[in-house]
Amino acid sequence: MNRTKGDEEEYWNSSKFKAFTFDDEDDELSQLKESKRAVNSLRDFVDDDDDDDDLERVSWTGEPVGSISWSIKETAGTSGSTSEGREHLKNRNSFSYTQLPKPTSTYSLSSFFKGRTRPGSFQSLSDALSDTPAKNYAPELGRPKGEYRDYSNDWSPSDTVRRLRKGKICSLERFRSLQDKLQLLEEAVSMHDGNVITAVLIFLKRTLSKEILFRELEVRQVALRHLIHFLKEIGDQKLLLDLFRFLDRTEELALSHYREHLNIQDPDKRKEFLKTCIGERLTLWPSTSLPFSAEDSVHIQDHYTLLERQIIIEANDRHLESAGQTEIFRKHPRKASILYMPLVTTLFYSCFYHYTESEGTFSSPTNLKKTFKIPDKQYVLTALAARAKLRAWNDVDALFTTKNWLGYTKKRAPIGFHRVVEILYKNSAPVQILQEYVNLVEDVDTKLNLATKFKCHDVVIDTYRDLKDRQLLLAYRSKVDKGSAEEEKIDIILSSSAVPAALGTETSTWTDLFTGHYLKASI
């Protein structure tokens, strides 16, 4: 490749790499890295110039570049300056880095430029390098000193807490004395950061005995609450019970112990444990003594009674279902066991499968209502949902029918007939049944809203007729289907109301129309 003189000068006097300098101390690391990349890429820069391979290069003394005599002179001339320059760099550079390993044969940077070997001469340095893997000729850079500050052990408790709050790595092992640990805890509490408080408490839990930890937390209520919550979250029930026992919190101790044994899967063992909670000592937990409050004791007694009923019902229904002789179990197979279910779920199950049973049986809904003192509203709501799901409309009707002392029947709903209508509609009740219960709603606006929403047209038409509002009837006529019975009913009402005006009886009213007085006037 032939170059002009101007191109040659521009080529040798320009470079795309930036030289290393110590002037800018704020960016020493980036400049050292740039210098390293520049030196390591020098070989690639030389190898790309393949167009000059046909030229023979000579040094300033006239010796061919790459010959043995030229390499020896170059090595001797640069060895002295290399040691002086390295000492100079070591004094000025603030970073510590590994020195270059001493090679067996030392070559200067100028020896990287290739020289072709002529016949009979030794192999050139560039040819030898092509057979060996590439090496890095720039020094390895050390980690900046500022990065080592994150792992320093000289942080004070306040600095440690601030660093923990920022999410930085910080070891707590340097705090060995009890005073330092308590000061660290107090700094964490004053920072009002729950994560930091929990992190310090985990460290104290691991490095302090239970007695010392409980004693110190007893006078630090904020940290104590965090520890109790943490122990509940991780399920460390043993330490939690020891803590409540130390603090003499008897009710919390009892409830915590009660929750622990709710995970017992065997129903008989769970029932036996519940007996121990209500005061009956059995062989499984002979030393159990749980001081429950009066209110909690009532709930635990109900829990025991409910579980006892569920065990009996489950055993009986499993037998009936496997026998296949009961119609309700054939049409509606059970989807889950009744064991461990809440009281409301048990009541729904009983209303679904055992609604007609007498009160003397454990599975009877009325027996459950009486035993657990279920309110009328809750019982009616649950029974209605169960019987409506089975589409047992006669049972639904009987549920709201009551008799007075004279023997007259009357429908009454403790939950309100508007809720009855909504439940029936969700279970796809026929329109006739919906209309019957919509008519029982006392509030006129609520009745109209429900009738319009569930398309009970007869209820809407009769209500507008009772309100004597002709405009509302005309407006509703446009909403019903053309040619339907509802449209015909509206037309009859509207035409009948127009008769008095045609006969000239201006004093005729809607009351006259529906009492028959207008007929007497026309005669």
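The briefing below goes from the whole chain to single residues.

This is a predicted model, in which local features need pLDDT of at least 70 and side-chain atom pairs count only at pLDDT 80 or more, whereas totals for chains, interfaces and linings use all residues. Residues are numbered from 1 along each chain as its sequence is written, and side-chain values use heavy atoms, with hydrogens and water left out.

**Whole chain**
- The secondary structure comes to 27 helices and 2 strands, taken as DSSP runs numbered from the N terminus (helices H or I, at least four residues; strands E, at least two).
- Of the 523 residues in the protein chain, 33% are buried, where buried means under 20% relative accessible area, exposed over 50% and partly exposed in between (1.4 Å probe, protein chains only).
- Among contacts with a separation of 6 or more, 51% join residues 24 or more positions apart, a contact being heavy atoms within 4.5 Å.

**Loop residues with positive phi**
- His192, in the loop between helix H7 (178-190) and helix H8 (194-207), has a positive phi of about 60° although it is not a glycine, and His192 counts as exposed because its relative accessibility is 70%.
- Tyr340, in the loop between helix H15 (327-331) and helix H16 (343-353), is likewise not a glycine and has a positive phi near 70°; Tyr340 counts as partly exposed because its relative accessibility is 30%.

**Between the strands**
- Tyr408 is found in the loop between strand S1 (401-403) and strand S2 (409-411), and counts as exposed because its relative accessibility is 57%.
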